[in-house]
Amino acid sequence: MMKKTWLLLVIMASLLVPNTMFAKAEDYGTIIWEGVLANTSYGGDPDKIRITIKGAVGKQTSKGKVNTHVRSLPGGSERLPSHIISVVDGGSIKVEYLGDEPKRTYQNADGLLGLTEIKELEQWEEWQLTDGRPAEYIGYGSGYIDPSKFFVNKNFSHTVGADRKVDSSDLSYKHVKDQNYIAKIYLPMTVGMSDVYIQVVSNERAVELMDEIKDGHPTVLLGKTFGEDTSKQPNDIWEAKLPPLKKSDLETRYGIKIHVEKGFFTEQEALHMLNQGFSAFPKGLIKEITSYYKNKGRQTQIKFVYKQTILSGSFNDEGKDNVLSYYPGTSGDFSHWVIGHEMGHYVHKYLNDRFGYEKLRQQWVSLNDGLDYKGKWSDKHSSYFVRDYSLSGYSEDVATIFELLTNVNNAELRKRYSAEDEAPILKKIDLLNKVLLEASSSVKDLNQIWGSMYPQSPSSYAVYPIEEARESGIVPADDRFQAIYQSNITREEFSLLAVNLIEKATGKSIAAYAKAQGVKKEWYFYGSLASGSEDDGQLIYRIRSNFPFSDISNEAIYDLHSLGVINGVGDKLFDPNGHLTREQAAVIMHNMAKALKQDTKSVKTSYADSRSTSSWAQEGIQYVSAKEIMVGTGQNRFSPKTVLTFEQAFIMLNRLLDTVSK
């Protein structure tokens, strides 16, 4: 009797909670996603793909579509979220390749990257907690996943294509022996790709999650057919654009021959990197050196080469030509310092030939105070050498110095000269510059050499006004604005000063002020790389962003742009390293006054050189002249095309702050 009673109770319990004991994968949802993905494993060409997930916890709304129970991972974004979806024990995932899609490109594919990732837990270590607590999630930034809940067949290879059209895996607790394998699938749930982690749950837990859905837990509708075209993306495709440079112009200017192999860099990217790196050298120096060797029958070649090497570049003078080779794609930090390093070897060779190798070497090495090359790096070495690679030998010691010298605004060196001008590494730079003056006819003045590396003092007329500017906070504590006065200011640097002024005038951050004015945007940037076709060998950038400019990533300057203070130079370019003319500065300061709700009406002021002023600058010049924010340059001239210096910018912006604060 007792056994019958217990059996009856069990049956009644199962009827009250019908799915707890007997629920199967087929009792839950089946997600079918059909779309076009540009899979980098197969050259980035768009493929038609079908993904079927059986046993998805959620409510089936129609064939292939499920309102799926989701949990959001921290670290994602509104436009590119990371989610966990639950699949009941016994579910499955299947990926099918259904052919190429020649009518679509990587730009308007439904998504990029591979389809899923199967990774061992150890591969996610960079995201794990460091204080000994067990990882709860794995995802972007602060997100972590408990690997014991993610069971997938580790042999599920996750890629399909013309040679392998189908792949599938069951999602089951039976994989508990391989519990450190984690399944992640990319599903375009919003614009762009979303990271979706698949978590296997028990039947009991699946019932609980279904109850959570009934109680209002968030769901996401997953599932799409080819007939539902979601490829219509907003007009926010971001491309790195650069003002076109002619290779022949650079070759003529510097006396070099440039070769760019197809690969990670386009020719334009290579030309711009060379142009930026070379522009930091004293004007005329590179052309003087290339002409010197040309007269000796040796050409100078610059090559961007793609090869497997740990080096970022090399210099070779053993053949009939001098060859500077750069290896983009082999270094995680390939930028202007690499250009400077190899060009440093080239300049060093020239100085050896003109000044004398042994003479220069003896003077240089004597500054090491007995520290040997090939020694072990210590704190003491930082006063003598740029970095540990400098210890490779005399030649690399010299070349790494050039890495420092080629910065646009050499704030680091100015700071060191101000604090310890007798430091051995600075004495090496002084020796180098002394030899350049002696051996080269193109280097005549060190005041503007190497990105303004030597500390400057204000001009006599500017001493008191700059003191006022510092007291008012117009000159930020940023090292870029310290001990630099006569050097020309760049568009980016002036913009940062403008941001500082608005924040001083309003008592709010630039972002908060833009929001209060109703012009604040939530800036976003996301995307990935897709390899191009094998024919061109290029990597294709597939990035989406609402950034207003493609050559600078500073949200404060974006907010300044939203306030109508500063524009770019066209074609989504800001030209951050470009210099600012007086008429451009006048317009920016006029726009700042308007952004700060000032009365910008002004009386007309006439200058003798008004005809040389751009039409778009007239109103701005009238305003800054009427308010005496800017004054003429003598003989009733405004000099609209003259480039602005740091000290002039400090003084003008302080006058503007005084004007808007009244």
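F281 sits in the loop that links α5 (267-279) and α6; helices here are DSSP runs of H or I with at least four residues, strands are runs of E with at least two, and both are numbered from the N terminus. This is a predicted model, where local features need pLDDT of at least 70, side-chain atom pairs count only at pLDDT 80 or more, and totals for chains, interfaces and linings use all residues. Residues are numbered from 1 along each chain as its sequence is written, and side-chain values use heavy atoms, with hydrogens and water left out.

**Around F281**
- F281 counts as buried because its relative accessibility is 5%; buried means under 20% relative accessible area, exposed over 50% and partly exposed in between, with a 1.4 Å probe and protein chains only.
- Leaving aside residues up to four places away in sequence, F281 touches I286, G340, M343, V347, F402, T406 and W450 (contact means heavy atoms within 4.5 Å).
- G340 is 59 residues from F281 along the chain, yet their C-alpha atoms are 8.7 Å apart.

**Helix α11**
- The 16 residues of α11 (residues 424-439) should span 22 Å at 1.5 Å a residue, and the end C-alpha atoms agree, being 22 Å apart; the expected span is 1.5 Å times one less than the number of residues.
- Its buried residues, including P424, I425 and L426, pack against α6 (285-294), α7 (336-355), α8 (357-366), α9 (394-405) and α10 (411-420).

- β3 (residues 58-62) and β4 (residues 65-72) pair in the antiparallel sense over four bridges; pairing takes at least two DSSP bridges between two strands.
- S62 has K65 of β4 as its bridge partner.
- Two residues lie between the strands, and G64 takes a positive phi near 80°.
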